[in-house]
Amino acid sequence: DDKAVHEQLDCWCKTNDKEKTQAIAVGEAKQSELEAFLGEAVAKLSELQAKHDATLDEVNKDEAALQEASAIRMKDNKVF
């Protein structure tokens, strides 16, 4: 009886060890994959932030030019 239990536990331990080892390998591979993705995402975020800042600066310059043109137009209309 003890021998049968021992064999069952031994079999379970070996099977469990194989499953857990495989799960750890898969988890580590996924971790590496996610870390690579995170690095790409951070780079893309920096790129988009720079693009956003450049676009915002352009919009602000265009708004200032519009205000200046409107002021000149109002001044010309008063003279007219």
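Author: Lys14 and Asp10 both lie in helix H1, 4 residues apart, which is about one turn of the helix. Helices (H or I, at least four residues) and strands (E, at least two) are DSSP runs, numbered from the N terminus. The model is predicted: local features need pLDDT of at least 70, side-chain atom pairs count only at pLDDT 80 or more, and totals for chains, interfaces and linings use all residues. Residues are numbered from 1 along each chain as its sequence is written, and side-chain values use heavy atoms, with hydrogens and water left out.

Lys14 forms a salt bridge with Asp10, and the closest N and O atoms are 3.3 Å apart. A salt bridge is a side-chain nitrogen of Lys or Arg within 4 Å of a carboxyl oxygen of Asp or Glu. In general, side chains of opposite charge can pair when their charged atoms come close. Asp10 is partly exposed, with a relative accessible area of 33%. Here buried means under 20% relative accessible area, exposed means over 50%, and partly exposed is in between (1.4 Å probe, protein chains only).

By this rule the count comes to 2 salt bridges. Lys30 and Glu33 also meet through their side chains in a salt bridge, at 3.7 Å from N to O. Lys30 and Glu33 are 3 residues apart in helix H1, so about one helical turn separates them. Lys30 has a relative accessible area of 42% and is partly exposed.

Next, the cysteines. A disulfide is a pair of cysteine sulfur atoms within 2.5 Å. It is a covalent bond between the sulfur atoms of two cysteines. A search of the whole structure finds 0 disulfides. Cys11 counts as partly exposed at 48% relative accessibility, and Cys13 is partly exposed at 41%.

Two alanines give a sense of distance. Ala25 has its place in helix H1, which covers residues 2-79, and counts as partly exposed at 41% relative accessibility. Between the C-alpha atoms of Ala25 and Ala71, which are 46 residues apart along the chain, the separation is 68 Å. Ala36 is also found in helix H1, and counts as partly exposed at 42% relative accessibility. From Ala36 to Ile24 the gap is 12 residues in sequence and 18 Å in space, C-alpha to C-alpha.
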